[in-house]
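Here is a walk through one structure. Start at the contact between the chains, then turn to a loop.

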Amino acid sequence: MAGLELGEARMNIPLIVFFACALLAVAGAVTLILVREPIYSALALIVVMVAIAILYLLLGSEFIAAVQIIVYGGAIMVLFVFVIMLLNAGAEERTSYSKLATYVGLPLAFFLLLEIAHWLARARVPAAGGPPAEGVSSRALATQLFRQYLFPFEATSILILVAVLGALVLARKSE
Amino acid sequence: MEFIAQHPVLVVSLGKIIVLLFVLMTALAYLTWFERKVVAHIQSRWGPYYVGPHGLLQPLADGVKFLFKEDVTPPTADRFVYVLAPLLALSLAMTAIALIPFGPPDVRLLGQPVFVVSNVDIGLLFLFAITSIGVYGVALAGWSSNSKYALLGGLRSSAQMISYEVSLTLSVVGVLLLAGTLNFNGIIEGQRGYWWHVLPRWHVFPQLIGFCCYITSAFAETNRVPFDLPEAETELVAGFHTEYSSFKFAMFFMAEYANMITVSCLATILFFGGWLSPFPTEWTWQLYLPGAVLVAIGIYSAFDTVAQMRGIKRLQMSVVTLLALGLGSLCLVPLVAVKIQGPFWFLSKVFLFLFFYVWLRGTLPRFRYDQLMAFGWKLLLPVSLVNLAATAAWLAWSWVRHA
């Protein structure tokens, strides 16, 4: 995807889409925390998920983008919304702000930001500066997953199966 | 002109989007007419009759009615989500159509394929991603209306859509194993050829069980009879869209019909060879079939115009006649006939599926809620899992044998 020239101005469409989606993701995340209605929080989280999926798409990982939307946007968040609807949860109440959050949380958050900034500054930027032209095809991903990383993959799926069974046992009424 | 030459992708894509939008809107409108007409004939009625010849202008009248009706918002509704829900439902339903290839990719304009808006490499996954988000339209509509009926309808339909999405996805994986690609063009090209020179190599024959699972789950996904519990009017008034009126209601209606079209297109692509002709290529007369069908419709309507219609309806019907005859004779020109073979077969198959939808609506009663859930989880899911395992085993065996 090269830059699209319209008259004199030079527009770099991937760059514009990147900033739009990044902004959308951050705005969604902030809304998620600030809004008091649970259903709005869930909606904001969906916006974050979709924005991140578009970012994956920009990086050329179509498969990851689609799976991100199917799994997080379509399955997990639907369950969230479902539960909120079922309980008809009202607006959450604010507690008196805890001292712990102010005196420990804020410095910790500041420290975390500092650390992220430090590692970002040290990270090597690719020479071209843009996203990689060729992403990972689903075929290449599958080959990696089922040839090279077969054991961890299967181990993870067994772990998930165990978790599902555990949830079933916990949810079943004791007789 | 210079701009067009410099940016063929942009210009052709925009053109395709506008044309597709227009065609889709018209198709949605006339699908309601078609459904009412067919269901009416199943029930020994006439259906829409008065607006235009054979009620052909009824969709237009309905559209105008929806636009000018009072738009009532319940005072206790959550305004933002209440407006968002129908927008979400319709826009997602229409986005999905952009991925559907209506014809072969080698018909090109300025180097761009004409019959598909966007040929995504992982088309099927992308389609599933879009449709999986579609649940929100229904769920949020039910929640935001702040009404018991709407909430219960919304809950029912989200539970139903989540349950049947599992078997829908699993029933398709068998086809994916046979095709070896997620790209729609690749899946269709893989079905080219014939068994014993007559039977087309469509996936429906080896994947008959998969197809049955797919079509059943697809009916449930689109909330249609016999799975239309979200809008069971005897229990829930109109389900999730009880509190919606005017154009917002029309948007849900259009979304439902757009989803029907998407699901039928997907069935055509995955199981019935997409734009491929069912007849062997040696039968060259099939080149003139689209034109012949249109001319036949034209001749019938000409007869109808003269024999049945009076007054303004005679004028309107003669317009239909001229359109059908003109388009039909245009399609008989060999140069045009070659190009429209793909879309003709694709749309014919989709039309058969849509007829099947309407036919079932006129025939089957509705499931009870517990029956619906038991059917989805205890029958459809295991059957599609067994189908998947059997397909995988058969493929592995044939690889071993040929190795």
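Two residues are in contact if their C-beta atoms, placed from the backbone, lie within 7 Å. On that basis, chain B brings 19 residues to the contact and chain A brings 15 residues. This is a predicted model, where local features need pLDDT of at least 70, side-chain atom pairs count only at pLDDT 80 or more, and totals for chains, interfaces and linings use all residues. Residues are numbered from 1 along each chain as its sequence is written, while chains are lettered from A and ligands numbered from 1 in the order in which they are written.

Look at the side of chain B that touches chain A. Helix 5 (123-133), helix 6 (135-144) and helix 7 (148-179) of chain B each give two or more residues to it. Helices here are DSSP runs (H or I, at least four residues), numbered from the N terminus. Helix 5 of chain B supplies the largest share, 6 residues. By class, this side has 15 nonpolar, 3 polar and 1 charged residues. Nonpolar means Ala, Val, Leu, Ile, Met, Phe, Trp, Tyr, Cys and Pro; charged means Asp, Glu, Lys and Arg; the others, Gly among them, are polar.

Now move to the loop between helix 2 (8-42) and helix 3 (58-68) of chain B, where B:S44 lies. B:H54 lies in the loop between helix 2 and helix 3 as well. Most residues other than glycine have a negative phi. B:S44 has a positive phi, near 55°. For B:H54, phi is also positive, at about 55°.

B:H54 is buried because 21 other C-beta atoms lie within 10 Å. The cut-offs are 20 or more other C-beta atoms within 10 Å for buried and 12 or fewer for exposed, with C-beta atoms placed from the backbone.
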